[in-house]
Amino acid sequence: MSKYEKIVWISILIYALAFGLTTSLRHYNFQTQTGDMAIFVNTMWNTIHGRAMRNTLEEVPNTLGVHMSPILFLLAPLYWLFTSPYTLLILQTITVALGALPLFYLARKILENEKLAASLAIGYLMYPGLEWANFYDFHPITFFPTLFLTGFYFAYEKKWLPAAIFLALAAATREDAILVVASAGIYFLIKGRQHDTVKRVASRNISFEPSREATIFSLSMIILAIIYFIISVKILMPHFGGGLLRLDRYEHLGGSAGEIAKNIFFHPALLAQTLLTGDKFIYLFWLLAPLGFLPLLARAEWLIIIPGLAENLLTNYRFQFSGLYQYDTILVGSLFIAAIYGAKNLLALKPGFKKYAGSLILIAAAAGFILHSPIKPIGFPIALFKSNPHWTTLREIMKKVPADASVAAHTNLVPHLAHREKIYLLGREPAPADIVLIDGADYFGFESPAELEAYVDRHMISGRYTMEVIQNRYFILKKK
């Protein structure tokens with residue numbers, strides 16, 4: 001193992017320890033939410049108890065109707081062995097951290113420079129968009145960058161079977177991930193032909209064909225990806241009671257996928273109005289700045305960036321282009337692949353830049369980390385390492401909840417109570433729950449404190465509940 005490979009492994013370990021501890025404390029201290037931590041905790045608990053992929057917190061009973069994430073089935077055995085929300089958080093952190101390895105090996109192969117490859121791998125671990133996705137609860141799509149980078153690396157090495165396995169796993173993280181995988185198939189096809197053209201022209205043989213295996217692999221990827229996407233959104237997701245439910249985030253462009261596509265191509269003013277906003281320029285800046293804007297120097301690699309970038313830029317749902325949640329994970333692997341080729345193109349133009357490139361990449365990554373990371377030095381979430389009376393009281397209240405009772409609770413309590421068949425966000429239960437937990441000082445999900453008070457009054461007037469009051473703030477309603 002070389003010196004730089006050891007540095008990458010040490011960086012992976014530091015990242016895993018830092019984020020494993022921070023995300024675990026975040027959950028322990030009631031900072032995780034119903035969406036999306038509790039959704040997946042309840043889904044996994046129901047799955048290992050014979051109710052596959054079901055939960056009581058989403059728009060439809062089966063999570064596969066909201067997002068096609070069959071990779072969750074692979075996590076179920078581990079969750080059965082270690083039945084805890086922390087299993088999901090730690091597994092997510094380890095997977096994210098290990099993405100630095102295929103990135104390092106890919107960059108080392110393409111750039112033929114271990115120092116530069118290590119700089120990019122460390123930059124990946126410091127990348128704010130990836131860290132925010134890891135920091136904010138649990139999401140299957142957060143596995144995508146590592147799986148995609150691994151599949152891409154094996155495809156680059158012409159190891160077709162492991163490439164196919166990892167790219168299929170990447171596609172299994174969410175239904176939109178398959179579009180990036182399909183774009184990668186197109187990319188491999190084009191890149192393979194370009195590579196063979198250069199080789200054969202150099203040998204004065206202008207009639208060329210890319211390798212048969214590479215062509216078959218690329219075409220298979222494209223065809224199977226399209227088939228999988230169509231089956232997912234047209235058959236499987238509707239079968240589970242949902243479909244492309246998040247299409248409503250693009251309703252300003254049209255009411256259906258076809259109408260949205262038509263308006264994008266034939267109404268440039270509407271497209272410009274959607275894209276040319278200050279928030280989206282800021283979003284683009286934070287995507288590219290921690291990479292030293294190297295992706296801008298890439299060429300064909302933008303094929304694999306465009307699907308995820310379009311998804312986040314074409315919406316008016318502000319959280320999707322805030323850079324603070326899980327939405328950037330669809331882009332991270334593609335951006336770093338583009339950064340590798342951007343660095344290669346830059347060094348081809350400016351060979352003398354080689355001795356400074358690694359340092360400049362690390363400076364850009366460090367600046368992004370210091371200014372925009374969830375665990376940045378200035379603004380570090382130090383409160384997670386402390387305790388307070390509110391959190392202590394919540395832990396005491398949870399001990400009063402029977403394991404087999406249906407529960408309605410505030411968003412920060414639901415992830416801790418999701419190991420049961422029926423758990424609801426306070427105010428959204430379809431039928432009266434056995435236990436209702438209320439923090440009188442927290443009206444999240446209600447329009448006002450008065451609406452929360454009216455909610456409590458309705459339960460008490462019904463005559464179905466007894467009330468226990470703690471510290472004149474917390475209320476435990478128990479069905480008689």
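Colleague: In which sense does α8 pass α9, as a left-handed or a right-handed crossing?
Modeller: This is a predicted model, in which local features need pLDDT of at least 70 and side-chain atom pairs count only at pLDDT 80 or more, while totals for chains, interfaces and linings use all residues. Helices (H or I, at least four residues) and strands (E, at least two) are DSSP runs numbered from the N terminus. A crossing is left-handed if the near helix is turned anticlockwise from the far one by less than a right angle, and right-handed if clockwise. For α8 passing α9, the crossing is left-handed.

Colleague: Which term describes α8 relative to α9, roughly parallel or roughly antiparallel?
Modeller: Axes are lines fitted to C-alpha atoms, for helices over the stretch in contact, with angles running from 0 to 180 degrees between N-to-C directions. Angles under 35 degrees count as roughly parallel, over 145 as roughly antiparallel, 65 to 115 as roughly perpendicular and the rest as oblique. Helix α8 (residues 144-156) packs on α9 at about 160°, the axes being 8 Å apart. Therefore α8, relative to α9, is roughly antiparallel.

Colleague: How many charged residues does the contact of α8 with α9 have?
Modeller: Contact means heavy atoms within 4.5 Å, and the residues involved include F148, G151 and F152 of α8 with F166, L167 and A170 of α9. Ala, Val, Leu, Ile, Met, Phe, Trp, Tyr, Cys and Pro count as nonpolar, Asp, Glu, Lys and Arg as charged, and the others, Gly among them, as polar. The contact of α8 with α9 has 13 nonpolar residues and two polar ones, and the number of charged residues is none.

Colleague: At what angle do α9 and α11 pack?
Modeller: The crossing of α9 past α11 is right-handed. Among the residues in contact are W160 and L167 of α9 and E213 and F217 of α11. Helix α9 (residues 160-171) and helix α11 (residues 212-239) have their axes 12 Å apart and pack at an angle of about 20°.

Colleague: Which residue forms a salt bridge with R473?
Modeller: Residues are numbered from 1 along each chain as its sequence is written, and side-chain values use heavy atoms, with hydrogens and water left out. A salt bridge is a side-chain nitrogen of Lys or Arg within 4 Å of a carboxyl oxygen of Asp or Glu. The closest N and O atoms are 2.7 Å apart in the salt bridge of R473 with D439. The pair links distant parts of the chain, 34 residues apart: R473 is in the loop between β4 (465-470) and β5 (474-479), and in strand β3 (residues 435-439) lies D439.

Colleague: What is the relative accessible area of D439?
Modeller: Buried means under 20% relative accessible area, exposed over 50%, and partly exposed in between (1.4 Å probe, protein chains only). R473 counts as partly exposed at 28%. D439 is buried, because its relative accessible area is 5%.

Colleague: Which residue is linked with R108 and E114 in a network of salt bridges?
Modeller: R108 forms a salt bridge with E114, with the closest N and O atoms 2.8 Å apart. R108 is partly exposed, with a relative accessible area of 28%, and E114 is partly exposed at 23%. Linked with R108 and E114 in the network of salt bridges is E5.

Colleague: How far apart are the C-alpha atoms of V401 and K191?
Modeller: V401 is found in the loop between α18 (389-398) and β1 (407-409), and V401 counts as buried at 11% relative accessibility. V401 and K191 are 210 residues apart along the chain, and their C-alpha atoms are separated by 59 Å.
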